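Hi,

Here is the structure I said I would pass on.

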Amino acid sequence: MRRIPAAPVVVPEDDRRGILQAIDAVLESGQLTLGSHGEAFEADFARLVGVRHAVAVNSGTSALEIALRALGAEGREVVVPTNTFFATPAAVLHAGGRVRFADVDPRTLMLDLSQLEDALTPETAGVIVVHIGGMIAPAVEAISELCRARGLWLLEDAAHAHGSTYQSQQAGSFGVAGSFSFYPTKVMTSGEGGMIVTDDRRLYEEALIYRDQGKAGFHANVHTRLGYNWRMSELHAILGASQLRRLPEFIEARRRVAQAYDKALAKSTWFEPLVEPVGARSNYYKYVVLLRQPTDRAALKRDLRERFGVGLAGEVYELPCHRQPIFEGVSDRPLSEAEGVCASHVCLPISARMTPEDAAYVAESIESAMKQLVGAAS
Ligand SMILES: Cc1ncc(COP(=O)(O)O)c(C=O)c1O
């Protein structure tokens, strides 16, 4: 039986050799953190996004919290789409802000413009958009415009969207700042890690301070902010920089798989792939498929794994954040579009290692598994 893992880590053998050599040199040098590898990774990443500054940190979660602290979220409201990973609203709380959840557009899974307008109050300081699955929705331009007009800041949680573009503009460059994650399942990884990107010199300088225990300078033991140890080690930076060099190739490979899925599922009775909007170029961190009828996802996943060797990736997301116990009572409005899409989609396996033939096999397998599931239920 073929085995198609949901989201394997891809570090080509040639790269592994280079990475190990660089790590060896770093171990010899003794400079294990905040060194030249981190700086080079930051410079390369800023170049990719097309912004002036990038700050490497130890996770996507810390990238969000640092950006929020530097933007002054403390004591203010921040609008967050409910359809996101827990880390997005949690970072608002950790930065001392208050979360105001808003609903999403089910066609793109991104914050809906009119829902966002309804969610704004005099207490709102800023807005976070999340490019779910690597897809940038066209609404990002109108949202950015709305924020400018209302004097609000826009932060992009681009944890999923390394190298994704809309009208050739890179994820992370639409708002005043962007944050990325390099967690192992992501399109590129540094093991653990994250990056803050911005054109704003003040935000950049604040991020450097927050990253290193709120210290005014590397050698000074004067703490001017409530920072933390959010530093990225040189070992992680070496892996991250190596993966960044592979990013265009990884995205191409993922897009070939996505095209094969589009083709194979075009006439499906049960599955409706999320459509890439005109002008958007997704990195296909996730290949999202909407379920046309209520489906027992756990049973579908089990059958795919056991009979076909196919692993489905995690949903985006299984439960909207306002339904998580920790956020109970936070939302005073129904957020029904997000609830609907969260309950009715799956994410097919996708990686730079998969081939279009693998994708055709997955599509056949899921059609067959669904047929059996529907047959068993009727
Ligand atoms: C949308 C989103 N934001 C933030 C994060 C947090 O990133 P990390 O796991 O690197 O802390 C993730 C991670 O999976 C994510 O998916």
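How many nonpolar, polar and charged residues does the shell around the ligand have? By class, there are six nonpolar, eight polar and one charged. The classes work like this: Ala, Val, Leu, Ile, Met, Phe, Trp, Tyr, Cys and Pro are nonpolar, Asp, Glu, Lys and Arg are charged, and the others, Gly among them, are polar.

Before the rest, two housekeeping points. This is a predicted model, in which local features need pLDDT of at least 70 and side-chain atom pairs count only at pLDDT 80 or more, while totals for chains, interfaces and linings use all residues. Residues are numbered from 1 along each chain as its sequence is written.

**Ligand shell**

In total 15 residues surround the ligand, and the closest are Ser-59, Gly-60, Thr-61, Ala-159 and Ser-181. A residue is near the molecule here if its C-beta atom, placed from the backbone, lies within 6 Å of it. H3 and helix H4 (87-94) each supply at least two residues of that shell, and H3 gives the most, with three residues. Helices (H or I, at least four residues) and strands (E, at least two) are DSSP runs, numbered from the N terminus.

**The seven-stranded sheet**

Seven strands make an open sheet with mixed pairing, in the order S1-S11-S10-S7-S6-S2-S3. Two strands pair if DSSP finds at least two bridges between them. Strands S1 (53-57) and S3 (98-102) are at the edges with a single partner strand each, so one side of each is left without a neighbour in the sheet. From one strand to the next, the twist averages 20 degrees. For angles, axes are lines fitted to C-alpha atoms, for helices over the stretch in contact, and the values run from 0 to 180 degrees between N-to-C directions.

Inside this sheet, S7 (residues 153-157) and S10 (residues 177-181) pair in the parallel sense over three bridges, and Glu-156 stands opposite Gly-178 in S10. Two helices to look at here:

- H3 (residues 60-71) packs on the sheet and touches S1, S6 (124-130), S7, S10 and S11 (194-198), with its direction at about 165 degrees to that of S10.
- H7 (residues 201-211) also packs on the sheet, touching S1, S10 and S11, and its direction makes about 15 degrees with that of S1.

Contact means that the C-beta atoms of two residues, placed from the backbone, lie within 7 Å.

**Domains**

The chain is assigned domain 1 (13-242) and domain 2 (246-377), with bounds that come from an automatic or database domain assignment. Taken over C-alpha atoms, their centres are 25 Å apart. At the interface, 33 residues of domain 1 are in contact with 30 residues of domain 2. On the domain 1 side, the elements that give two or more residues are S3 and strand S8 (165-166). The residues of that side divide into 17 nonpolar, twelve polar and four charged.

**The three-stranded sheet**

There is also an open sheet of three strands, S12-S14-S15 in order, with antiparallel pairing. S12 (271-273) and S15 (345-348) stand at the edges, each with a single partner strand, so one side of each has no neighbour in the sheet. The twist here averages 35 degrees from one strand to the next. S12 and S14 (residues 287-291) pair in the antiparallel sense over three bridges, and Phe-271 has Leu-291 in S14 as its bridge partner. Helix H8 (residues 234-265) lies across S12, S14 and S15, running at about 140 degrees to S12.

**Backbone details to check**

- The peptide bond from Val-316 to Tyr-317 is cis, with omega near 5 degrees; Tyr-317 is in the loop between H9 and helix H10 (336-343).
- Leu-34 is not a glycine, yet has a positive phi of about 45 degrees; this residue is in the loop between H1 (13-29) and H2 (36-49).
- Gly-309 follows H9 and has a positive phi, near 70 degrees.

Cheers
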